[in-house]
Amino acid sequence: MTPLSSVKPLVKTGFLWWLLVVPLLLFSLLFWAFNGGHHLPWLLLAGVATVFILAMTLGYFLYQAQFNRLQQQLQQLRDLSDATSELLALPAQCHSENAFLQALLNKAVALVEGAELGSVILIQGHERKLHFAAAYGQELKKLQQLNMQLPQTFQYRLTGGRCDRVITINDTDDTDDQIARQLFGGQLIRATLSSPIYVEGKLYGLLNLDSTEPDCFNDYDATVIDMLSKEAANAVALYQKSQQIHQLTCYDTLTGLMNRSYFEQQAAQWSLRQQLPSYLLLLDIDELKRINEQYGHDHGDEVLRQLAQLLQQQWPAKALMSRLNGDKFALLSYGDAAQLSDWLQQVRSDFATQQPGVYFSSALVPFNGNVAESLDVAAQILDQQRT
């Protein structure tokens with residue numbers, strides 16, 4: 001049985017054969033009819049046939065080349081459509097904004113055939129410093145050591161500072177510029193595409209694709225990277241809004257610590273380890289109401305912020321910390337009781353230095369995996385301390 005993959009070439013070959021033979025037969029018939037049906041003028045017929053075959057062959061190959069280009073562009077558009085759809089889904093899958101930007105860069109390099117290298121550069125502060133957030137084919141740490149500002153980029157200079165369109169440079173030798181040599185460890189970047197990314201009307205960063213070969217980017221590549229940058233801007237805005245919603249929903253706006261509901265949710269998923277015990281620490285600032293009444297709520301807020309800051313400084317990053325309510329804090333951490341008590345004593349000492357005359361009570365209890373039960377036990381110990 002003929003394989004399916006060979007059916008289309010066979011059909012095209014058969015079609016081309018009939019496309020050549022049928023007109024030649026008609027030509028022969030016409031020549032014979034107009035010649036009285038006696039004999040054919042073979043020389044003239046051969047000339048007409050040769051011209052016809054050459055014209056048809058040339059037309060066919062031109063058509064085939066155009067058809068292949070259209071097929072290639074159609075496939076690129078499909079790839080671009082798939083990539084932009086994936087970009088909008090990426091914010092929910094990436095654990096950080098930098099992870100999203102790296103995924104964006106990887107897709108951009110895959111879409112543009114001539115791209116060998118790439119980077120995503122964020123524009124930071126009023127000084128418009130460049131911060132390399134993602135890199136492809138280059139060492140990100142080395143790029144982050146570069147001390148550069150936006151006016152030093154191709155994008156800024158070739159747009160007169162507007163940074164409003166895709167810049168294509170197909171031979172950096174023509175730019176008399178040394179930045180390209182810096183960006184690739186001494187090797188010359190010969191071609192580059194640079195597209196601005198605007199998030200909610202503000203220049204967020206630059207998406208750059210580079211190559212060590214000249215003349216490898218075309219207008220279609222510029223269109224692709226421009227469309228990808230715009231979709232990336234939408235995805236970045238979506239990611240930032242989702243992070244803002246998460247921050248408002250799960251964290252205390254005053255101290256930056258988890259709120260009670262999010263703390264209990266995360267503590268319920270806490271992994272208990274046999275060789276390393278877990279402890280829950282409950283703290284209660286003494287007489288916060290009196291402090292607010294005597295010194296004002298701004299001073300009371302500062303007391304809460306300083307205690308939260310000291311806890312974050314002293315405890316490891318993996319610890320869960322929460323402001324449960326007005327004057328109560330909870331902390332869940334690995335470690336032995338002696339080590340945690342030493343950390344707590346350091347917090348108590350630093351807090352007394354920063355806020356003379358303000359104290360807090362504390363209760364340290366083993367954590368058995370039941371959040372509500374551990375909080376109740378710690379609260380009971382605090383109540384006993386007051387009586």
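These are my notes on the fold of one chain.

I am working from a predicted model, where local features need pLDDT of at least 70, side-chain atom pairs count only at pLDDT 80 or more, and totals for chains, interfaces and linings use all residues. Residues are numbered from 1 along each chain as its sequence is written, and side-chain values use heavy atoms, with hydrogens and water left out.

**Whole chain.** I looked up the secondary structure and found 12 helices and nine strands. Both are DSSP runs numbered from the N terminus (helices H or I, at least four residues; strands E, at least two). Of the 387 residues, 38% are buried (under 20% relative accessible area, 1.4 Å probe, protein chains only). I then checked contacts (heavy atoms within 4.5 Å). Among those between residues at least 6 apart in sequence, 60% join residues at least 24 apart.

**The sheet.** I traced an open, antiparallel sheet of four strands, in the order S7-S8-S6-S9. Pairing requires at least two DSSP bridges between two strands. S7 (320–323) and S9 (360–366) are the edges, each pairing on one side only. Neighbouring strands are turned by 15° on average, direction ignored. Inside, S6 (278–285) and S8 (328–334) share seven antiparallel bridges. One partner I noted: Asp 284 bridges to Lys 328 in S8.

**Helices on the sheet.** Which strands does H8 lie across? Helix H8 (260–268) lies across S6, S7 and S8, at about 155° to S7. Helix H11 (337–354) lies across S6, S8 and S9, at about 170° to S9. Axes are lines fitted to C-alpha atoms, for helices over the stretch in contact, with angles from 0 to 180 degrees between N-to-C directions.

Terms used:
Buried < 20%, exposed > 50% of the residue type's maximum accessible area, 1.4 Å probe, protein only.
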